[in-house]
Amino acid sequence: MTDKPTLLTVDKLCVDFRAGEKVTHAVKDVSFKIDHGETLALVGESGSGKTVSALSILQLLPYPAASHPGGEICFKGENLLALPPDGLRHVRGNQISMIFQEPMTSLNPLHTIERQIAEVLRIHKGITGDAARARVLDLLTKVGIQNAEERLASYPHQLSGGQRQRVMIAMALANEPDLLIADEPTTALDVTIQAQILELLLQLKAEFNMAMLLITHDLGIVRKMADHVCVMHQGKIVERGPTSDIFERPKDDYTRHLIASEPKGSPPPADGSAKTILKTDDLKVWFPIKRGFLRRTVGHVKAVDGVNVDVREGQTLGVVGESGSGKTTLGQAILRLISSDGPIVYLGERIDGFNSKQMRPLRKDLQIVFQDPYGSLSPRMSIGQIIEEGLLIQNPDISSEDREARVARALEEVGLDPKVRDRYPHEFSGGQRQRIAIARALVLEPKFLILDEPTSALDVSVQAQIVDLLRDLQRRHRLAYLFISHDLKVVRALANSILVLRHGKVVEQGASQDVFANPKTDYTKALLAAAFELETTPAGAVST
Amino acid sequence: MDAPTDVSVTEEIAAAGIPQPRPWVSALNKRRWQTFKANKRGYWSLWIFLTLFILSLFAEFIANDKPIVVEYEGQYYWPIFKAYPETDFGGIFETEADYRDPVVQDLITENGGWMLWPPIRFSYNTQNKNPPMAFPVKPTWLLSDKDCELAVEKGFHPCDPSLEWNWLGTDDQGRDVVARIIYGFRISVLFGLVLTIFSTIIGVAAGAIQGYFGGWTDLLFQRFIEIWTSVPQLYLLIIVAAVIEPNFWILLGILLAFSWVALVGVVRAEFLRARNFEYVTAARALGLPNGKIIFKHLLPNAMVATLTFMPFILNGSITTLTSLDFLGFGLPPGSPSLGELLAQGKDNLQAPWLGLTAFFVIAIMLSLLIFVGEAVRDALDPRKTLT
């Protein structure tokens, strides 16, 4: 390794995107440096240009729609922007490698793990055959894949999300790069696995003496991982400095806003005397596994297995758990969007036997807000149409003026200007869309609202706003919430009582102060440690 | 990758104060139209095709054996719309006047009357009774001196200024080829369009139902389609043609019975994908009935795939009709049809103008449609950006 003072220097980098006549300046005059063995974090909200800056280093942007009107990227004294394609290929995956956010789609589903990793070795080092296999095994062991030998022949779909991300890291490390670019490496993972992956990255970085460019929106990760931080906002770096300085003495308004925007506040105290809105008793959702020629049922996937829920007026029940724990299935079963066994009682009436016609009048009382504000609004309908759709079905008799007024009122309640109702969803940001989705549910004046990860697709600062909005709406309308989330910080800010799910079963249930203060089971303890401290717990308590 | 977001839409609108009226075409459709126009070949093909098609819709005004308007003794007659007996013009027969007959023409013109003829004085079934040679007659401009000598020798119409022009000759029954291709083009395109529209409606409906409900509905329907598509169409047509004489609508019905499956797969796949979208679940949570969800939320998703396929289905429909006509199982004898002209070309190799004309007309028509189809496909492709 050379003893050059800096490994990578990005100097006044600009990136433009052209779509038709319109030119978007995605990145403006961004400069930063990374030394050997150092970790630099690029922090910012979505759309701030952090990913685009990182992709420019390896020139992975969609050229020619993207262009670099100015700037320089010097890697070991060589300007990467001026490098011919052959030279670039030598750098990519060899000296600089990258891991992406989504482990589901960044591995080729048709290749085995061995082939994917060996490919990198073959291309850059010319290692093939037994030597390659030995190296792949070594790498898989290093990234903490158990039974590495058996895993060689596995395909990506046979691995869990965390394992896939480990494989991605093994691929990235195969040629011992000098710089690792990690683009939101843990955003798509569960909290417990996120903690494990971060731990692994730290350990490997020390072992290989790598530099790391970490792109994230999560300040908790930055605090744990980075030496230096660059805060990006609207394509510019607004503040830079050593991590501790940034967190302790933020100078820029935006940085301060970002640091202050973790969900705050606490839920109203639990009120045992409040009227029970919805109750389930031993609710089960079992999906049959069918085998053989006659499709006989040989077993069940127990997505939800004996869950008791009790949601009271003006109160919030938080449902937490990792992905695959049955949280969303539980929500959809309560709304009778999927079939289930066991009584569901709404205001003293059993609704689990109702058919879709009988359910229809109840739909206006039981509403749901989904996780992905990009997917939950029909792109071809205007905001007004989206919100009034439920009214047209549930209250067909009201006049069109009245309907307009209700739509306008719902938009005002979620903090949007009623004038936006003629516009289409794509013209709004994620947070605004989530507000629209909430308005769609609110316009029917529901009594019970299921919030299915309403904040996970949003930026941190927007998350806090949505949490505040939800708490405010609950207070005003005495709404009962079933709040589903994997994000314990958000749950703590909203829920009076908590239900921890794992593999469809309740692990722990109780008032939220009690659960947060004195978790009883190991699983809950691990979950809390991972969520609040980004710490891993001894093996066994959580999945890998 | 991070998508650039517009953070301050609400503020912008609030600043503007007034709600902006929605443009008539959405931004997306405007962009699609731009992409379509950017494909020059497809764009021009569309205009050429539309011009030809609209012209062919007025075939009666371009090629007809009746004048458009006749003035006779101060009165106007419209033979193109109404049949007048010869007696109206002072003739002797009570049947419809044959305006190509010199006797009738003399009757009309001798008292200062006049006739306005279409540019081509043959309809698709008009026989040229005064040909310069035996049928099929050469295109008039190809007649050589030797042909003219032979015409005089054999007692055909001599090559003098009174000889009627057949721009592309006649077929083996003495009917003008230009007139036949004008009418033939029209019937081909109309048949193709009607077949395409009906098979799209049925196909989309079937695909929608299968995709939306899934499960047993889907399973049974799919098996039915597999069996149905394995029924040999051509044999069925031959059997039907042996029992009843096929006309336009019977042919359409038989072909429709098989062509609707073309779109089912695409629409079904689109529905299977989209029915799990969150906005569809949201619509169910709002209590919307299935029909409303299909029409409002899911169909628009399938429209892109459907529109992309339509020009190609149209092409396929036209080709099917042409090939049936070529084999003789198509439209009833005497109908103007491109396939029948092709068959004549095959039977009369000594008259290459028949085969060549039919070939070029079909080739140009199908190519124009394919070019349009390609441009439509580009325009609806979300990944295609204007460069």
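**Strand pairing, cores and confidence**

Reply: A:F75 stands opposite A:E78 in β6(A). Strands here are DSSP runs of E with at least two residues, helices are runs of H or I with at least four, and both are numbered from the N terminus. This is a predicted model, in which local features need pLDDT of at least 70, side-chain atom pairs count only at pLDDT 80 or more, and totals for chains, interfaces and linings use all residues. Residues are numbered from 1 along each chain as its sequence is written, with chains lettered from A and ligands numbered from 1 in the order in which they are written.

Me: Which residue is the bridge partner of A:L8 in β5(A)?

Reply: Two strands pair if DSSP finds at least two bridges between them. Strand β1 (residues 8-19) of chain A pairs with β5(A) in the antiparallel sense over 4 bridges, while 2 bridges join β5(A) to strand β6 (residues 78-79) of chain A, also antiparallel. In β5(A), the partner of A:L8 is A:F75.

Me: Which residue takes a positive phi in the hairpin of β5(A) and β6(A)?

Reply: The hairpin has 2 residues between its strands. The positive phi, near 50°, belongs to A:K76.

Me: Which residues form the covered face of strand β5 (residues 72-75) of chain A?

Reply: In a regular strand the side chains alternate between the two faces of the sheet. The uncovered face of β5(A) holds A:E72 and A:C74. Its covered face holds A:I73 and A:F75.

Me: How many residues are in the largest nonpolar core?

Reply: A nonpolar core is a set of buried Ala, Val, Leu, Ile, Met, Phe, Trp, Tyr and Cys residues joined through C-beta atoms within 7 Å; buried means 20 or more other C-beta atoms within 10 Å of the residue's own, with C-beta atoms placed from the backbone. Those with the most contacts inside the largest core are A:I117, A:A170, A:L179, A:L213 and A:F483. Its number of residues is 215.

Me: What is the radius of gyration of chain A?

Reply: The radius is taken over C-alpha atoms, and the globule rule is 2.2 Å times the number of residues to the power 0.38. For 544 residues the rule gives 24 Å, close to the value for chain A, so the chain is as compact as a globular protein of that length. The radius of gyration is 25 Å.

Me: Where is confidence lowest in chain B?

Reply: pLDDT is the predictor's confidence in each residue, from 0 to 100. Chain B has a mean of 85, and helix α3 (residues 40-57) of chain B is highest at 94. Confidence is lowest, at a mean of 42, in helix α1 (residues 9-16) of chain B.

Definitions and conventions: Buried ≥ 20, exposed ≤ 12 C-beta atoms within 10 Å, placed from the backbone.
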